[in-house]
Amino acid sequence: MASKVLVVGSGAIGLRTALEILRKNVPVILRSSHHPLDPRTCSMGAGGLWMPYKCQDKRVDKWSRETLDELLHLSSLEKEESDLTRPLVEIVPTLYLTNSHRGPTVEDFKYFEAKDYCAEVGNKKSLFPEWTKDPRLAFQHLTIEMLEWQNHVLKLKLPSIDVLKDAGYSNGWLFRPPIVDSPNMLMSMLKEIQEHPLTIDVDVGMEGYESMAEMVDDATEKGCDALVNCTGLGSSKLCNDDTLIGGRGILLHYERNCARNIDDDSMEHDAAILTEDGPWGSSTNPVYIIPRGDVNVVGGTYYEGGTETTLTDDERKRLVQNASILGIDTTAASPVGEWAGFRPVRKTAKMEIDEELSVKSGVKVLHSYGYGGSGWTVYTGVAKDSVKMLGLNKDAN
């Protein structure tokens, strides 16, 4: 069992992993070349919506469920007095639009057996992702007509049904996920780490490591017998991992209470809206609005291998158009911020002990990176698995 751990990385994965280790009564040293609020930190720019995205690892179901447990608990806590105008976690109705049915029909159910609904054998025949079965999300598969009927009660800020129909959207998934106020959650976790009595040192603006060998040497010099590499896309260079690439994303920020172009003033409740279907969206140009903290986040892109670190003029114009489509009055409201960054994309996440390096160095080395666009969806589950892999299973008293 490790007696002191060096954690490298200050995104959602790194900070939550450091916290989980501290909660097991094990001292931690935290290092990162970027502050959590540095624009290069993918977790800072992320929309914060809980929903598995662009991470195909079979462990995602478990990680996302454990993260959902924690986020729902946090959302239920009474908001503490602070300078935040909104809680760190909100439950926000979310609509994922599709231009075709994409769900089971009566005909499908003729061939289903009881075992197809058994957790032990998995969700083999469902046309919906595994996460949609969690009753706490209140997942529904609706036609646009059913959505219109429900919204007479829900009063969500959605495009009109006529607009959706004219665009060709016939169906949607309606569910109630948590949304994390990403920047403020990062700062909350960093503060907890800094103030924890077992934290030895925190440096989140250091000169970055050039190699895993240098990182291990630093761990050895500081008396650490375990090391967790949570450097995200930085691991491409550190680990010579050419299977890890950047999935470029772009965002505009509008004030949360900005002017809206929704005709019915009674539609007063915020909603997240997403689609990857045409004509508005595509797999590389998803269209979405996510209410997060004090802003509405409007996106986006998903370009694997993209390298531009800022928005182009054409991209900025397209995001303004997305904002207008999704209900922001862009003649009266202007963006208050923007972001471009890179999701750490890998076919499967790298979440494993580096046996060769561990044996060679005498420091137990755990890699934890490559979670695609699902960082805020899996971060708690990943942290819990990390401490298990390090042999730190005993809770703090």
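Student: What pLDDT does the protein average?

Tutor: The average pLDDT, the predictor's confidence in each residue from 0 to 100, is 91, and 91% of the residues score at least 70. Over residues 117–124, however, the pLDDT is below 50. In the model that stretch has nine contacts beyond near neighbours in sequence, where contact means heavy atoms within 4.5 Å. Where pLDDT is low, the predicted coordinates should not be read in detail.

Student: How many helices and strands are there?

Tutor: The protein has 12 helices and 17 strands. These are DSSP runs numbered from the N terminus: helices are H or I with at least four residues, and strands are E with at least two.

Student: How much of the protein is buried?

Tutor: Buried residues make up 52% of the 397 residues. Buried means under 20% relative accessible area, exposed means over 50%, and partly exposed lies in between (1.4 Å probe, protein chains only).

Student: Which residues touch the most other members of the largest nonpolar core?

Tutor: They are Val5, Val7 and Ile21, in a core of 64 residues. Helix α1 (residues 12–22) supplies the largest share of this core, seven residues. Apart from it lies another core of 29 residues, including Tyr169 and Leu252. A nonpolar core is a set of buried Ala, Val, Leu, Ile, Met, Phe, Trp, Tyr and Cys residues joined through side-chain atoms within 4.5 Å.

Student: What is Val7 in contact with?

Tutor: Leaving aside neighbours within four places in sequence, the contacts of Val7 include Ala18, Ile21, Val28, Ile29 and Val228.

Student: Let us turn to the strands. Why is β17 largely enclosed by the rest of the structure?

Tutor: Five of the six residues of β17 (residues 364–369) are buried, so the strand is largely enclosed.

Student: Which strands are joined to it, and are they parallel or antiparallel?

Tutor: Strand β9 (residues 226–229) runs parallel to β17 and is joined to it by four bridges; Leu227 stands opposite Val365 there. Strand β16 (residues 350–353) runs antiparallel to β17, also with four bridges, and Glu352 has His367 as its bridge partner. Two strands pair if DSSP finds at least two bridges between them.

Student: And what covers the faces of β13?

Tutor: Both faces of β13 are covered: Val295, Val297 and Gly299 are buried on one side, and Asn296 and Val298 on the other. In a regular strand the side chains alternate between the two faces of the sheet. Five of the five residues of β13 (residues 295–299) are buried, so this strand is largely enclosed by the rest of the structure.

Student: What are its partners?

Tutor: Strand β10 (residues 245–255) pairs with β13 in the antiparallel sense over five bridges, and Glu255 stands opposite Val295. Strand β12 (residues 287–292) is joined to β13 by five bridges and runs antiparallel. β12 and β13 form a hairpin with two residues between them, and Gly293 in the turn has a positive phi of about 60°.

Student: Where are the cis peptide bonds?

Tutor: One joins Gly278 and Pro279, with omega about 10°; Pro279 is in the loop between β11 (272–275) and β12. Another joins Gly299 and Gly300, with omega about 0°. Most residues other than glycine have a negative phi, and most peptide bonds are trans.

Student: Which residues have a positive phi although they are not glycine?

Tutor: Ala138 has a positive phi of about 50°, and Lys155 has one of about 60°. Ala138 is partly exposed, with a relative accessible area of 35%, and Lys155 is partly exposed at 25%.

Definitions and conventions:
Residues numbered from 1 in each chain as written. Predicted model: local features only at pLDDT ≥ 70, side-chain atom pairs only at ≥ 80, totals over all residues. Heavy atoms only, no water.
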